[in-house]
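Here are my notes on the interfaces and the one sheet I went through. Have the model open while you read, and check the points against it.

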Amino acid sequence: MSKNWPLWEVFIRAKNGLSHRHAGSVHAADAKMALEAARDTYTRRMEGVSLWVVPSAAIIASDPGDAAELFEPAADKVYRHPTFYSIPENIKNI
Amino acid sequence: MYTTELKDKNQKPQVAAVVEDPERLAAFEARVAADDFIEPKDWMPEAYRKTLVRQISQHAHSEIVGMLPEGNWITRAPSLRRKAVLLAKVQDEGGHGLYLYAAAETLGTSREEMIEALHSGRAKYSTIFNYPTLTWADIGAIGWLVDGAAIMNQVPLQRTSYGPYARAMVRVCKEESFHQRQGYEIMMALAGGTDAQKRMAQDALNRWWWPSIMMFGPPDENSPNTAQSIRWRIKRETNDELRQKFIDVTVPQAEAIGLTIPDADLKWNDARGSYDYGAIDWEEFYAVVRGEGPVAKERMQARVKAWEDGAWVRDAATAHAAKHEAREAAE
Amino acid sequence: MADTALFDYACRLGDDSLILGQRLSEWCGHAPMLEVDLSLANVGLDLIGQATHFLKLAGEAEGKGRDEDKLAFHRDVLDFKNCLLAEQPNGDFAQTIARQFLFSNWQELLFRELCKSSNATIAAIAAKAAKEVIYHSRLANEWMVRLGDGTAESHGRMVEGLDWMWRFSDELFEVDAALEPLIASGVACDVRKLRPEWDARIGRVLKEATLELPQARRATVGGRVGHHSEHLGHLLSEMQFLQRAYPDSRW
């Protein structure tokens with residue numbers, strides 16, 4: 001048998017109140033081992049209070065080739081941002 | 001350095017086999033020139049991908065093989081504090097290897113393929129780790145000089161053009177910051193100790209100095225791929241620039257603890273604002289690159305043994321995971 | 001004033017952690033997989049940390065000016081008080097895991113009790129270490145299951161590894177005359193009372209690992225009074241080399 005241990009992506013919550021953030025990857029044969037490998041690899045310096053591990057194969061990523069149609073249409077929707085609207089100085093609390 | 005050209009100088013440079021689409025290539029070059037990051041799924045020229053896989057895996061191998069010379073002293077560290085620090089440090093090197101293998105894997109080469117390349121002798125690793133650690137002072141010298149040289153090289157790589165590599169280097173640099181200090185602290189204790197300890201410290205500096213400054217790789221005129229690597233932001237400073245920087249900061253550190261750099265030609269050059277240094281024995285460097293370092297065989301033997309002895313463990317965990325999954329599916 | 005009973009007890013606790021930490025550090029750079037290498041080093045670091053605290057306490061209890069390093073690097077076999085299990089050679093990965101499995105499950109229960117020690121220092125060290133050790137036994141238990149219920153080869157190796165270590169488990173629950181007064185004053189833990197829970201844990205994991213409980217046999221003991229296996233002398237000669245060869249040096 002020579003099946004390699006699959007790759008897992010590791011996400012760490014640095015402290016409560018923050019979202020989990022991608023930290024890196026580990027190889028592990030199963031989910032428990034992946035969590036422990038993540039703990040032993042990525043939280044040795046008090047980097048976090050919570051861990052997620054996700055099989056790398058389960059991540060569906062957008063194609064960089066589609067970036068133009070996916071993300072560029074947002075560029076001209078300036079009205080979604082508060083600074084688009086001009087309100088007189090004397091109007092408060094808005 | 002961990003990542004410089006570690007090819008035999010007689011080896012021919014690889015000829016790019018793939019002809020790239022000029023338009024995509026131009027767009028790619030423009031992005032890199034603008035200091036944009038390239039991410040795993042982005043289009044990239046084959047030569048860039050290949051160079052990166054080679055460089056990152058070489059870097060990873062260096063971290064892993066680099067665990068051995070220092071690992072040689074963990075069980076003999078002279079105090080509980082030194083033992084814990086050294087174990088933590090060598091463990092860090094393992095972690096760095098792990099981050100780097102993972103960065104290289106995003107380019108489509110598996111860790112196992114890279115390890116296989118290392119064990120078969122196709123892949124190189126830093127020449128420095130093919131020298132033996134004879135005394136405890138060698139642990140100090142490695143931390144001070146080898147990690148010091150590594151930091152010089154790795155700090156600019158945090159801005160390297162390939163995203164996963166740059167992110168791995170950010171993590172590595174953050175963790176490395178204690179490595180050089182602990183090495184210098186060991187040297188300080190020895191240099192200020194008994195005569196026997198002083199002798200140990202000076203001897204370690206004598207043996208590690210030249211290999212350390214060779215770590216930056218061959219002089220710029222003999223480093224044919226440097227220009228391209230710099231253009232691609234895979235490398236951010238030349239071998240000679242980094243070497244000079246390292247020498248300039250290290251000499252005063254040696255003087256401060258009463259140790260002598262083993263180079264009779266070492267002299268401050270006021271005009272250049274840098275130290276002039278003696279001729280480097282590049283034949284020695286290329287011999288080690290060819291695999292003729294004093295303990296190259298021992299290093300490879302240890303790596304291969306660990307990997308082969310571990311095969312049944314890796315297989316067992318895989319088999320258990322499959323059984324476990326099958327059982328859960330059946331429920 | 002010297003407290004020899006406390007000195008002896010702190011040495012027992014510290015030496016267990018020190019010697020096993022030393023053994024685990026031998027794996028560094030040689031484990032079956034990089035991730036495993038990092039895990040073993042973390043366990044080793046926890047143990048070396050515990051040893052440092054306990055031996056410091058021992059030195060203070062003794063009151064002769066010996067610090068933790070003096071105790072770690074300048075005692076010979078007869079003065080080491082660790083259990084025999086801790087000093088057993090790493091062998092293959094299965095043997096290392098078997099040792100960790102028996103030891104960490106015991107140490108977890110021990111430290112849980114020692115959090116309540118009437119000696120404030122022991123209680124404080126145990127409170128910190130208890131969290132570390134819960135993780136150690138979790139790691140070891142999971143590896144027992146993976147290897148026991150993995151392949152035919154790993155199962156066979158696990159049986160061998162467990163067989164090697166099993167004869168040293170009774171010693172973990174031994175109480176001698178030196179310990180009785182400390183138990184009475186609430187300083188030490190009465191390890192005899194930990195046995196049923198330990199047996200239940202070990203049995204549960206072995207069952208999941210499809211492994212048999214090894215045959216009961218005569219216990220091999222002696223570590224607590226300095227009568228060790230042949231392995232300890234070699235371990236010490238390596239660990240203590242620098243301090244012994246250059247006795248008047250600071251490092």
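1. Start with the salt bridges between chain A and chain C: the rule finds two of them across this interface. The rule asks for a side-chain nitrogen of Lys or Arg within 4 Å of a carboxyl oxygen of Asp or Glu. C:Arg138 and A:Glu36 make such a bridge, with their closest N and O atoms 3.0 Å apart. Counted over all chains, the rule gives 53 salt bridges. C:Arg138 sits in helix α6 (residues 120-148) of chain C and A:Glu36 in helix α1 of chain A, so this pair joins two chains.

2. A word on the ground rules. This is a predicted model, where local features need pLDDT of at least 70 and side-chain atom pairs count only at pLDDT 80 or more, while totals for chains, interfaces and linings use all residues. Residues are numbered from 1 along each chain as its sequence is written, chains are lettered from A in the order in which they are written, and side-chain values use heavy atoms, with hydrogens and water left out.

3. Back to chain A and chain C. In this interface, 13 residues of chain A are in contact with 13 residues of chain C, contact being heavy atoms within 4.5 Å. About 1200 Å² is buried between the two chains, and carbon and sulfur atoms give 55% of that. Buried area here is the accessible area (1.4 Å probe) that two parts lose on being put together, summed over both.

4. Polar contacts next: seven residue pairs turn up across the interface of chain A and chain C, both residues at pLDDT 80 or more. The rule takes a pair of N or O atoms within 3.5 Å; within protein, one must be able to donate a hydrogen and the other to accept it, and residues adjacent in sequence count only if both atoms are side-chain atoms. On the side of chain A that touches chain C, the elements giving two or more residues are β2 (21-27) and α1 (31-42) of chain A. Of these, α1(A) gives the most, with seven residues. Helices (H or I, at least four residues) and strands (E, at least two) are DSSP runs, numbered from the N terminus.

5. What do β2(A) and α1(A) belong to? Chain A has an open sheet of three strands in the order β2-β1-β3, with antiparallel pairing; strands pair if DSSP finds at least two bridges between them. β2 and β3 (50-55) of chain A are the edge strands, each pairing on one side only. β1 (residues 7-13) and β2 of chain A pair over six bridges, and A:Glu9 has A:Ser25 in β2(A) as its bridge partner. α1(A) packs on the sheet, touching β1, β2 and β3 of chain A, and its direction makes about 115 degrees with that of β2(A). For that angle, axes are lines fitted to C-alpha atoms, for helices over the stretch in contact, and angles run from 0 to 180 degrees between N-to-C directions.

6. Now chain B and chain C. The two bury about 3900 Å² between them, 70% of it on carbon and sulfur atoms, and the contact takes 47 residues from chain B and 48 residues from chain C. Three salt bridges are counted here; B:Arg327 and C:Asp149 meet in a salt bridge at 2.7 Å, N to O. The rule also finds 16 residue pairs in polar contact (both at pLDDT 80 or more).
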